[in-house]
Amino acid sequence: MSHTFAAWVEPLAASYRENRADVVKLARTLTDEQLSRPTGDEGWSVRKEFTHIAASDPDFVKTLGTILDGGTPDLSIFGDIDARNARNLEAWKDRSMEEIAGELESNGQKLQELLARLTDE
C-alpha cells in the first residue's frame, strides 16, 4: 500500500520502510545457525533482536497512534526496559521466525499508516 507523506516525513518514512523490508527479508531467510549468533548486546542472539523488535513494535504503534489521536500516551510502558524486554522475550519465545517476520511486516505497515497522518502543521 502506498502512502502520501508530508515533505519532512517522507525521508524518514522511506528510510524506515526500506530498513524494515531488509529486516523482514533477513528474518525470513537467515538459518538457525545465523539466528543463534550473538550480537553486540550481551546475552542477545540475532533471533532475540528480531523478537525484541517485533514484540516492542505494538507499544510504539500504540503510543504514536494515541498522540496522533490527540490523547496522552501511557509512557509507563517504557519505564523498566529490562523487565519489559524479559517479559516480551518470554512471551514470544515459542513463535516461529515466520510469525516474527509476519509481525515485523505488519507492524511496519501500521507505522507507515501512522507516519502518513503527520502533517506540516
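I looked up the side chain of Thr119 and found one of its polar atoms 3.3 Å from the backbone nitrogen of Glu121, a polar contact in the sense of N or O atoms within 3.5 Å, one able to donate a hydrogen and the other to accept it, with residues adjacent in sequence counted only if both atoms are side-chain atoms. I kept in mind that the model is predicted, that local features need pLDDT of at least 70 and side-chain atom pairs pLDDT 80 or more, while totals for chains, interfaces and linings use all residues. Residues are numbered from 1 along each chain as its sequence is written, and side-chain values use heavy atoms, without hydrogens and water.

I placed Thr119 in the segment after α5, helices being DSSP runs of H or I with at least four residues, numbered from the N terminus. Thr119 is partly exposed at a relative accessible area of 42%, between the limits of under 20% for buried and over 50% for exposed (1.4 Å probe, protein chains only). Leaving out residues up to four places away in sequence, I noted that Thr119 touches Ala6 and Trp8, with contact meaning heavy atoms within 4.5 Å.

Turning to α5 (residues 97–115), I found that α1 (residues 10–29) packs against it at about 170°, with the axes 9 Å apart; the two are therefore roughly antiparallel, the term for angles over 145 degrees, as under 35 is roughly parallel. Helix α3 (residues 46–68) packs on α5 at about 25°, also with axes 9 Å apart, and α3 and α5 are therefore roughly parallel. Among the α3 residues in this contact I listed Phe50, Ile53 and Leu64, and among those of α5 Ile100, Leu104 and Leu111.

Technical notes
Axes are lines fitted to C-alpha atoms, for helices over the stretch in contact, and angles run from 0 to 180 degrees between N-to-C directions. Angles under 35 degrees count as roughly parallel, over 145 as roughly antiparallel, 65 to 115 as roughly perpendicular and the rest as oblique.
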